[in-house]
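Subject: Structure handover

Hello,

Here is the structure I promised to pass on. Please open it first, then read my notes below.

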Amino acid sequence: MIHLNFDITLNGNSEEFKLEMHTSIKKGSFTTIFGPSGSGKTTLLRCIAGLQTPQNGIITVNGIPWFEASKSNFTPQKRGVGYVFQDYALFPNMTIQENLEFALKPQQNPEIIHELIAIMELTSLTNSKPVSLSGGQKQRVALARALVQKPKILLLDEPLAALDSGIKSKLQDYILKLHQKYELTTLLVTHDIAEILRMSDHIIELKHGKILQEGAPKEVFGHTEINSNFQFTGTVLEISSEDFIHFITVKIGQNNVKVVADKDEISQLSPGDTVLLSSKAFNPIIQKIS
Amino acid sequence: MIDFDPILVSLKLAAITTLLLLIIAIPIAFYLSQTKSKLKPIWETLVSMPLVLPPTVIGFYLLVAFSPNNAFGTFLKDTFDMQLVFSFEGLVIASIIYSLPFMVHPIQSGFQHVPKSLVEMSYVLGKSKFKTLQKVLLPNIKPSLLTGIVLTFAHTIGEFGVVLMIGGNIPGSTRVASIAIYDEVESLNYDVANSYSLILFGITFAILLLVFLVNGRTYKNRIV
């Protein structure tokens, strides 16, 4: 069980930013943290890993205070979480095998490395340097390396963001498999709603450093659908007119949606525009956003 | 026949200075690249001072400091039986101070260009600062290390003012090639001066060429 009860103020780029966390994460859960850029998702993971220090509050993991303002603050070395950075941070001077060996604790049995290489299907890459690997391969190595020390907590910072959808779903399977096999408590930062629904049993939605809502995916997303408009962003593919009715075909994700529009709306739009398509009380409203 | 001693003294001085400075500069550069202290600009200024200060100024103050007539000089003489003025040891210390920025700057810049995430990842994986320096940072800044080593070596060979002030001109001990050239010119032995000059030209040209060849290759295969 991870108890988070802290705040941290960052004086980054010109604007002051405050992240306030008051929540608990169950042991063995797969928690997704999502929200717009700059909402504090990465900062949250960094505070748990010990790479950033909150100003106030407490972080306890299984009853042990990893951080307690002006009392204790475990170094990242002592916390021993598994962490996959967005840029993977593979050591360029080491081969894949050496990257994994570097992660071993002193006197740790190196057997785990063979096991992870087998699970992640990295056998043919062990002697390669990171520079020669594709994005998906780097991601698998970073994931394997994060698990060498058999951590209890795995932090994943948008690890799949840069990958195409085919590799993505395969890697999601790997992550789920490892999450179960090693009984991890996993925190995943992502923007991808499909990924959230597929992987997580708990969601924390952040906005401007505060928790907007949290709970099981169905509760969180069900809740939003009932209470507010549904909105999609998409690209205008085609504008057509039949008699006096006008249609706009919009590509939203993998789907093409054809909606009715009035003359004023189509006059502002042309194919290729990015639009926000929203519906309120069954009247589709379409507005140009770029 | 020219006397090769000054060339040998120059090479010996440059080699020892470079080796010692490498050991000294790595922790300094590491500290400067990591620290968020408000004193950082002061330390950086001090390290860079030899770049702009006339060598004679450094030489003069070292001469005063090492002089057996002063407290520090007396302390060295009484405690370690060391006399730094007009001795090879004194030259080494003066050269280390004089060449400090030539070693620290490239290494510091190398450290700063290593992505921060590599260092953080090493910490997350439980590795100490020292281990991170040894296994992650240093292997990834080899071109910077090479640049620092070569600049220091070449700069020490080219030293004149500091060496003259602190070392004097003792043959076989503190008489380095650059001073020998000056000496020979003063005595109107242009042939000998020319021989020394050509040798120095050849050595420094070869060293710098080596760096550009090696670094060119490294950058071509550069990772990150």
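Below is what was found, starting with the chain contact.

First, a caution: this is a predicted model.

**Where the chains meet**

Chain A brings 22 residues to the contact, and chain B brings 19 residues. Together they bury about 1800 Å². Carbon and sulfur atoms give 67% of that area. On the chain A side, look for Q77(A), P92(A) and F102(A). These three supply 33% of the area that chain A buries against chain B.

Nine residue pairs are in polar contact between chain A and chain B, counting pairs with both residues at pLDDT 80 or more. The side of chain A that touches chain B has 15 nonpolar residues, four polar and three charged.

The count of salt bridges between the two chains is one. R46(A) pairs with E120(B) in a salt bridge. Their closest N and O atoms lie 2.8 Å apart. Side chains of opposite charge can pair when their charged atoms come close.

**Salt bridges elsewhere**

Over all chains, the search finds nine salt bridges. One to look up is R198(A) with D173(A), where the closest N and O atoms are 2.4 Å apart.

**Chain B**

Chain B has 11 helices and zero strands. Its C-alpha atoms fill a box of roughly 65 × 45 × 30 Å along the principal axes.

Chain B also carries a nonpolar patch on the surface. The patch is formed by Y31(B), L39(B), I42(B), W43(B), L46(B), M49(B), L51(B) and V52(B). Together they have about 770 Å² of accessible area. Which helix gives the largest share of the patch? Helix α2 (residues 40-52) of chain B does, with six residues. Y31(B) belongs to helix α1 (residues 5-34) of chain B.

Best wishes

Key: Residues numbered from 1 in each chain as written. Chains lettered and ligands numbered in written order. Predicted model: local features only at pLDDT ≥ 70, side-chain atom pairs only at ≥ 80, totals over all residues. Heavy atoms only, no water. Contact = heavy atoms within 4.5 Å. Buried area = accessible area lost by both parts, 1.4 Å probe. Salt bridge = Lys/Arg side-chain N within 4 Å of Asp/Glu carboxyl O. Polar contact = N/O pair within 3.5 Å; in protein donor to acceptor, adjacent residues only side chain to side chain. Nonpolar A, V, L, I, M, F, W, Y, C, P; charged D, E, K, R; others polar. Patch = residues over 30% accessible without salt bridge, like charges linked within 9 Å, V, L, I, M, F, W, Y side chains within 5 Å. Areas by Shrake-Rupley, 256 points an atom, 1.4 Å probe, with all protein chains shown as cover. Helix = DSSP H or I, 4+ residues; strand = E, 2+ residues; numbered from the N terminus.
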